[in-house]
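Visitor: I'd like to go through the chain contacts in this one with you. Can we take them one interface at a time?

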Amino acid sequence: MSGHSTYQPTSGLGKWFDARMPLPRLVHDSFVSYPVPRNLNYAYTFGGILSIMLIVQIATGIVLAMHYAANTAVAFSSVEHIMRDVNWGWMIRYMHMNGASFFFIAVYLHIGRGLYYGSYKAPRELLWILGCIIFLLMMATAFMGYVLPWGQMSFWGATVITGFFTAFPVIGDWLQTLLLGGFAVDNPTLNRFFSLHYLLPFMILGVVILHVWALHVTGQTNPTGIEVKHKTDTLPFTPFATVKDAFAMLLFLLVFAYFIFYMPNYLGHPDNYIEADPLKTPAHIVPEWYFLPFYAILRAITFNIGPIDSKLGGVLAMFGAVLVLFVVPWLDTSKVRSAAYRPWYKMFFWLFVVNALFLGWLGSRPAEGWYIPAMQLSTLYYFAFFLVIMPLLGLFETPRRLPNSITEAVLEKTKSKGGAAPAAMPAE
Amino acid sequence: MSEEQQIDGGRRDMLLIATGMMGAVGVGAVAWPFIDQMQPDASALALATIEIDISSLEPGMEMTAKWRGKPVFVRNRTPEEVEAAKAVALADLKDPIARNANLAADAPADDANRGAGEGRESLIVQLGVCTHLGCVPLGQAGEFGGWFCPCHGSHYDTAGRIRKGPAPENLPVPPVTFLSDTQIRIG
Amino acid sequence: MISKLKALAAAIVMGLSVSGAAQAAGDYPINKPRHVDWTFAGPFGHYDEQQLQRGLKVYKEVCSSCHAISRVAFRTLADLGYSEEQIKALAAEYTVMDGPNADGEMFERPAIPSDRWPAPYANKEAAQAANNGAYPPDFSLLAKARAVERGFPWFVFDIFTMYAELGPDYIYSLMTGYTDEIPEHYADQIAEGTYFNPYFKGGPALAMPNILSDDLISYDDGTPATVDQMAQDVAAFMMWAAEPKLEERKETGFRVMVFLAVFAGMVYLLKRRVFASVAH
């Protein structure tokens, strides 16, 4: 974002390096002198938290792969071997298992922040789309990872989810057989899922680098949604954003540790402690919690829509629920970015959050009774939020008065708090 | 800069250093489990001792047991083999140390120190792992009638001592306990 | 905004709990598990060695004729306070298949501490054949594999109360839950060869009969062997079998939490200081 670099190597070695490969300069410009809006709140710390979670998952995953065996005959036992015999195996496995959940908690909060403050709007469309790609890759990675312990939910989750592909006309069955490497989930499936589960996180890492790159070109948004106009609108990344991110990370890790050490199985399903049995389906098949809203959308479509039967309709609705995120930058017609100045959007946004949580809960319920119309209603709102409310609201909503600049907004806030208005601008 | 600001700056530095140290401790504490997990696990350690029955071992017979994933040669030597081993002068040995885990680290490599002790001189228990680069030597082979490692041509005598070739040391004798005359525990 | 959210949340809680109650009527188990005050619950939870030894005795003398516990190695019984000699003696009571020997034959030998517990049946099919087609599940992980859904809003409260003993509570309730007073509504649903138990999650009745009775075994430590006592002890033993590292986990967890809290406090002070001179 800032035009030229402020990096000045002082030592001889620093100069030598800078002339040959300016990596220290890149780090300095990206994580030290990089200007961030001065009014970022804690909702903006999830990017940093997510990068820590990615590192946690890759580190624990590599270690688990040293002890895990991807073969249906021994996979379940090898996980138990990790839990019982390997030094610290129980901890590393619980970290990885709960790490997936906390990765999703952070990513949902991160996406929610983006939706609330309009972070996807021009010129950050590509940044947003890269984020959506990361989200898709995460979902694929998490799904395949869940199959590896080879418990009952692993097996039947894999059966159901690969069954989605049979919904597609003509090529559906062929596609499913291709994915499974057989006619049912079996050893070839487990083996390829392990291979891909190891590969995808590094692809995520690659897209994360692009995501951060794109971010550093456009700069961060901020709670006011006003672009940075003046040098006083920003603070240098270090120490300001660094220390705030670090504090938020530690709080997040504190909650994460609480689950790892005190409630390690709370977010998992007990049936996954039963070894996979291809001849016996558990009474309720539910995916991991982070897929539940999408699972509810899948099951909400119980009716045929013209030539599309309910099965294909459900699958399309479910994929559509993720894919619709990609076009959000063009669905939102509002000229104002942040929900802080959009009273109606703010209300619909929180309703969307509550609706998503409700969908998640419905996803854990059996598809019967009043749950079905509830799922349908919730699904309707999910799509209406993106496809109807977002485009129309921009045309009809009267936004509140915007401050002229970030600095003005900050000073107004400080004044209204009654604190002594520190006129001092940042030292730099 | 006023005096007050300076004090403030000093406090921040103390806090910064303390927090940095705290972070370093945290990283170290997290790193340890990730290193420790590579060490042998509980099930491998449980197999660190084995018990074997040697009642069927007639003179001139050898058996191989697996201990910690490596072969252990247990040989009941013939009187001729014992005599041949006893006849070797210590000065002729490439490695004059017994390499016997049951004895002092500098015990000389005479035949008595290589064998299984008083009254069991004919018995020899040793790891079947060449001290050169870890291949398994062949029995009753080589120029000295003991063991011969085909990988790089190391010759051991009938007491498992290196006599010729690139290997630097005698075949190691593992910790051995006689539970009875016919039952031994290794490890 | 916060108050608006709270109002919304409250409305949803009320709506869901009413409908949840109406829905649960047809589901199993008929009764929710009863809670036991386990020593291993809570942030400083630890196993009671005496209780685990009693539970082991219940397993050995009562359960083990049908149920395997094949992921538990004898050596791990050191956790229960047994000495190496005691473990060796216990292992030697069992025979395991080993081999092939020098003649290429498989042979049986007494178990040693590094062996895992041999199962009462050669395989799952044999177990089913011997038990009217019902497979007596392996105990190794059962305390983690059995849980009755808590429902909204309990599953939210559980996070804060640190309730993670669903499995042992279920096992205890099941073992003590057999009754001859079958409600009329279920009387005609009890299949031949199954036994009514309102705590069973798979239906109104299960294939395992009521095995426990008072003084069925005698405890070495003189504890009266009531049904309630035996059920608690064996459930605690099964929890240990499923989660042998529980104590280590909670101890480590306490250290990690304290460290993170102190570290976060320091970073917070640093953050306040850094931001003290700028409006943000």
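Visitor: How many salt bridges are there between chain B and chain A?
Guide: The count is zero for chain B and chain A, although this is a predicted model, and six residue pairs there are in polar contact, both residues being at pLDDT 80 or more.

Visitor: And which elements of chain B give two or more residues to the side that touches chain A?
Guide: Those are α1 (3-36) and α2 (42-46) of chain B, with α1(B) giving the largest share, four residues. By class, that side of chain B has six nonpolar, three polar and two charged residues.

Visitor: How much area do chain B and chain A bury between them?
Guide: They bury about 980 Å², with 65% of it on carbon and sulfur atoms, and the contact involves 11 residues of chain B and 13 residues of chain A.

Visitor: Switching to chain A and chain C, what is the buried area there?
Guide: About 5000 Å² is buried between chain A and chain C, carbon and sulfur atoms giving 67% of that. Of the area that chain A buries against chain C, 16% is supplied by Arg84(A), Leu250(A) and Tyr262(A), more than by any other three residues.

Visitor: How many salt bridges across that one?
Guide: The rule finds five between chain A and chain C; one pairing is Arg365(A) with Glu149(C), whose closest N and O atoms are 2.1 Å apart. There are also 18 residue pairs in polar contact across this interface, both residues at pLDDT 80 or more.

Visitor: Which element of chain A gives the most to the side touching chain C?
Guide: That is α10(A), with 16 residues, and by class this side of chain A has 42 nonpolar, five polar and 12 charged residues.

Note on methods: Residues numbered from 1 in each chain as written. Chains lettered and ligands numbered in written order. Predicted model: local features only at pLDDT ≥ 70, side-chain atom pairs only at ≥ 80, totals over all residues. Heavy atoms only, no water. Contact = heavy atoms within 4.5 Å. Buried area = accessible area lost by both parts, 1.4 Å probe. Salt bridge = Lys/Arg side-chain N within 4 Å of Asp/Glu carboxyl O. Polar contact = N/O pair within 3.5 Å; in protein donor to acceptor, adjacent residues only side chain to side chain. Nonpolar A, V, L, I, M, F, W, Y, C, P; charged D, E, K, R; others polar.
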